Amino acid sequence: MELRQLRYLVTVVEEASFTRAAARLHLAQPGLSAQIRQLERELGQPLLDRSGRSVTPTAAGAAVLPHARAALAAAQRISHTVDEFTGLLRGHVRIGLISGAATEEFDVAGVLAAFHHDHPQVGISLTEDTTDRMLAALSRGELDIALIGLTGAELDPGLGIDVVLDVRVDAVVATANREFGDRTTLSELRDRPLLCLPRGTGIRGMFERACAAAGFAPRIDFEAAAPALLVRLAAAGLGVAVVPELSPDQAAAAGVRVVAVEEPELRGRLALVWRADRQASPAAKVLLGQLRIALGHGDSPVP
């Protein structure tokens, strides 16, 4: 048997589908099926039950599965050990960002460029997505590092977390709006037309949790991934934007007025997250360290 056949077996079981497993492995489905059947012939037992709508392990397959995972983990540890011993970084690092995170304040592009210059043999993948989907990708092992927005919900205890930004979240209205003073309470936003980030983002999740605690569901009329667009919609009089705090100069230039939300105060938090309960590749460890330093947190994880 070969390690790749064991990896194919584990992936098919995890996806419960040859089609999804083939897509995840970037293989043609007939080739994947042939490799699994070859493994089954060599072991003399069917490992997968293909009779139902989902592919499931047989009794023999379920018994083999933990040994297959252990063999793959051991092979990965051997590779990591050699890489660390020789000082050569190879492989691929996958990083995810929430939309709009790569700003001057978070010079992720600069960190990636420096990392690529120092370690040209390492491939880098960068994707933008929502917090919810990136957390799921981290859980599945499809991302190594992610910069996410925290919703206030309890996170997987297996994650390492560094909070890199903590800002007030305000309500923003058109300059001519006189329905609000300089301050408001969360309850006063009930039934108002609201402009907010999409579902799955940190601020949206935090805001909906706060509204639920106050006893109501927010009325979201407009969604946009970019806070700047929400501010423009508010300036046009389309509702109250819920966005990270703006300076007085930024608000004046955009034609809006900031209304501080109190009772409770709303906070938006960005965090670097990674799987602390799994062995990371040497390349992922190095890139994570450089990102933490660049974002001002060095080696001091936030519990």
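These are my notebook entries on a predicted model of one protein chain.

**Entry 1. Overall layout**

I began with the secondary structure and found ten helices and twelve strands in the protein chain. I then took the extents of the C-alpha trace, which spans about 75 × 50 × 30 Å along its principal axes. Of the 303 residues, 42% are buried.

**Entry 2. The annotated segment**

I looked up the UniProt record next. Its entry, which is unreviewed, places the annotation "domain: HTH lysR-type" on residues 1-58. I checked the model over that range: residues 1-58 are 62% helix and 7% strand.

Leu-3 sits in helix 1 and counts as partly exposed because its relative accessibility is 41%. Its C-alpha is 6.8 Å from that of Leu-72, although 69 residues separate Leu-3 and Leu-72 in sequence. Pro-66 belongs to helix 4, and I list Pro-66 as partly exposed because its relative accessibility is 47%. Pro-66 and Val-10 are 56 residues apart in sequence, with a C-alpha to C-alpha distance of 9.1 Å.

**Entry 3. Strand 5**

How many of the six residues of strand 5 are buried? I counted six of six for this strand, residues 145-150. Side chains in a regular strand alternate between the two faces of the sheet.

Then I looked up the pairing partners. Strand 5 pairs with strand 3 in the parallel sense, over three bridges. In this pairing Ile-145 of strand 5 is the bridge partner of Ile-95. With strand 12 the pairing is antiparallel and has six bridges. Leu-150 stands opposite Arg-269 of strand 12.

**Entry 4. Strand 10**

Strand 10 covers residues 240-244; four of these five residues are buried, so I noted the strand as largely enclosed by the rest of the structure. I found an antiparallel pairing with strand 6 (residues 159-174), made over four bridges. Pro-244 in strand 10 is the bridge partner of Val-169. Strand 8 (residues 194-196) runs parallel to strand 10 and is joined to it by two bridges. Here Leu-195 is opposite Ala-241 of strand 10.

**Entry 5. Helix 10**

I checked the length of helix 10, which has 13 residues, 282-294. From first to last C-alpha the helix reaches 18 Å, close to the 18 Å expected at 1.5 Å a residue. I listed its buried residues as Pro-282, Ala-283, Ala-284, Leu-287, Leu-288, Gly-289, Leu-291 and Arg-292. An α-helix has 3.6 residues a turn, so residues three or four places apart point the same way. Among the buried positions I marked Ala-284, Leu-288 and Leu-291 with that spacing in mind.

**Entry 6. The largest pocket**

I asked for the volume of the largest pocket and got about 1,500 Å³. The elements that give two or more residues to its lining are helix 1 (3-15), helix 2 (18-25), helix 4 (59-86), strand 3 (91-97), helix 6 (131-140), strand 12 (266-275) and helix 10.

Which element gives the most to the lining? I found helix 4 in that place, with eight residues. The lining has 39 residues in total, and those nearest the pocket centre are Gln-76, Arg-94, Arg-140, Gly-141 and Asp-144. I sorted the lining by class and got 14 nonpolar, eleven polar and 14 charged residues.

Last, I went through the backbone angles. Most residues other than glycine have a negative phi, and most peptide bonds are trans. His-26 is not a glycine, yet its phi is positive, about 60°. This residue lies in the loop between helix 2 and helix 3 (29-43). I recorded His-26 as exposed because its relative accessible area is 74%.

Glu-263 is not a glycine either and has a positive phi of about 55°. I placed Glu-263 in the loop between strand 11 and strand 12. Is Glu-263 buried or exposed? I put Glu-263 down as exposed because its relative accessibility is 64%.

The peptide bond joining Glu-263 and Pro-264 is cis, with omega about 0°. Pro-264 also lies in the loop between strand 11 (256-262) and strand 12.

How values were computed. Residues numbered from 1 in each chain as written. Predicted model: local features only at pLDDT ≥ 70, side-chain atom pairs only at ≥ 80, totals over all residues. Heavy atoms only, no water. Buried < 20%, exposed > 50% of the residue type's maximum accessible area, 1.4 Å probe, protein only. Pairing = 2+ DSSP bridges. UniProt positions renumbered as here; feature names shortened; annotations may be inferred. Expected span 1.5 Å × (residues − 1). 1 Å grid on protein atoms, 1.4 Å probe; cavity = no way out; pocket = protein on both sides within 12 Å on 5 of 7 lines; lining within 4 Å. Points joined across faces, edges and corners; volume = space filled by probe spheres on them. Nonpolar A, V, L, I, M, F, W, Y, C, P; charged D, E, K, R; others polar.
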